[in-house]
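This report describes a protein model in terms of its aromatic contacts, its sheet and its salt bridges. Please consult the sequence and the coordinates shown here alongside the text.

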Amino acid sequence: MNMEKLDFILDRRSIRRFTDQKIDSKQILTMLTAAMYAPSAVNMQPWHFVIIDDPSLMETIMEIHPYARMLQTASHAVVVCGDEQLQHDDGYWVVDCGAATQNLLLAAQTMGLGACWVGLHPREERKTAFSRLLHLPSHVKPFALVALGYPEEQKPRPDRFHGEKIRYNGWDLPYIQE
Ligand SMILES: Cc1cc2nc3c(=O)[nH]c(=O)nc-3n(C[C@H](O)[C@H](O)[C@H](O)COP(=O)(O)O)c2cc1C
């Protein structure tokens, strides 16, 4: 297998420092297209995306979220939301939004942009605060915020392959024998 084709996956890192350069709206829509091509249960696509670039909104988010300081330099943020009325069945919107969020991050990586997943679900207090802030209808739940911008930091590829995490035909047998 040509591992180089996977570079965009293996080299994706959470970027938390961004340059002053703004992302344009076409780039945002390209990333959201990638997000909308994610798999979802019964192809229900139970997601919505709220684009944020209002500095005062970014400021408020930094006040209500303890780990969102990267918004200080981010060009935009996207809040990925799940729709309880569109999902296939109870609990599916979370899984589907996870797939959409990862597609968004990988699209940013291939476009030379930086991104960071900032968790909202399953922290109820964060979800409530974001629902209020963004005026979400009650059936639309905030899942994650993705901070976006041109990267001002570079991070090396860590070693994350752990053979002992792989088992064979059930739990009893490791796949890779030492
Ligand atoms: C569900 C989830 C929640 C996360 N929440 C935050 C967060 O609130 N703030 C943050 O800076 N990074 C957050 N991250 C990013 C992780 O810290 C990061 O993915 C992890 O350290 C691995 O680093 P990498 O993304 O560079 O590979 C979150 C990631 C996930 C998947």
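## Aromatic contacts

W93, W117 and F143 form one aromatic cluster. The model is predicted, so local features need pLDDT of at least 70 and side-chain atom pairs count only at pLDDT 80 or more, while totals for chains, interfaces and linings use all residues. Residues are numbered from 1 along each chain as its sequence is written, and side-chain values use heavy atoms, with hydrogens and water left out.

Rings of Phe, Tyr and Trp (its six-membered ring) pair if their centres lie within 6.5 Å; planes under 30 degrees apart count as stacked, over 60 as edge-to-face and the rest as tilted. The count by this rule is three aromatic pairs. In one of them, the ring centres of W93 and F143 are 6.3 Å apart and the planes stand at 85°, so the arrangement is edge-to-face. W93 belongs to helix 4 (residues 92-110) and F143 to strand 4 (residues 140-149), so this pair ties together parts that are 50 residues apart in sequence. Helices (H or I, at least four residues) and strands (E, at least two) are DSSP runs, numbered from the N terminus.

W93 and F143 are both buried; buried means under 20% relative accessible area, exposed over 50%, and partly exposed in between (1.4 Å probe, protein chains only). Elsewhere, the charged end of R167 sits over the ring of W171, 4.0 Å from the ring centre. The criterion for a charge over a ring is that NZ of Lys or CZ of Arg is within 6 Å of the ring centre and within 35 degrees of the ring normal.

Four strands make up an open sheet in the order 1-2-4-3, with antiparallel pairing. Strand 1 (47-52) and strand 3 (114-119) stand at the edges with a single partner strand each, so one side of each is left without a neighbour in the sheet. Direction ignored, neighbouring strands are turned by 25° against each other on average. Axes are lines fitted to C-alpha atoms, for helices over the stretch in contact, and angles run from 0 to 180 degrees between N-to-C directions.

Two strands pair if DSSP finds at least two bridges between them. Strand 1 is joined to strand 2 (residues 76-83) by six antiparallel bridges, and F49 stands opposite V80 in strand 2. Between strand 2 and strand 4, which run antiparallel, there are eight bridges, and C81 faces P142 of strand 4 as its opposite residue. Strand 3 and strand 4 pair in the antiparallel sense over six bridges; here C116 stands opposite A147. Nine of the 10 residues of strand 4 are buried, so this strand is largely enclosed by the rest of the structure.

Contact means heavy atoms within 4.5 Å.

## Salt bridges

A salt bridge is a side-chain nitrogen of Lys or Arg within 4 Å of a carboxyl oxygen of Asp or Glu. Three salt bridges are found in the whole structure. D7 and R157 meet in one of them, at 2.8 Å from N to O. D7 lies in helix 1 (residues 7-10) and R157 in the segment after strand 4, so the pair ties together parts that are 150 residues apart in sequence. D11 forms a salt bridge with R157, the closest N and O atoms again being 2.8 Å apart.

K127 counts as buried, at 7% relative accessibility.

## Overall organisation

The protein has five helices and four strands, which follow the pattern α-α-β-α-β-α-β-α-β along the sequence. The C-alpha trace spans about 55 × 40 × 30 Å along its principal axes. Of the 178 residues, 39% count as buried. Among contacts with a separation of 6 or more, 77% are between residues 24 or more positions apart.
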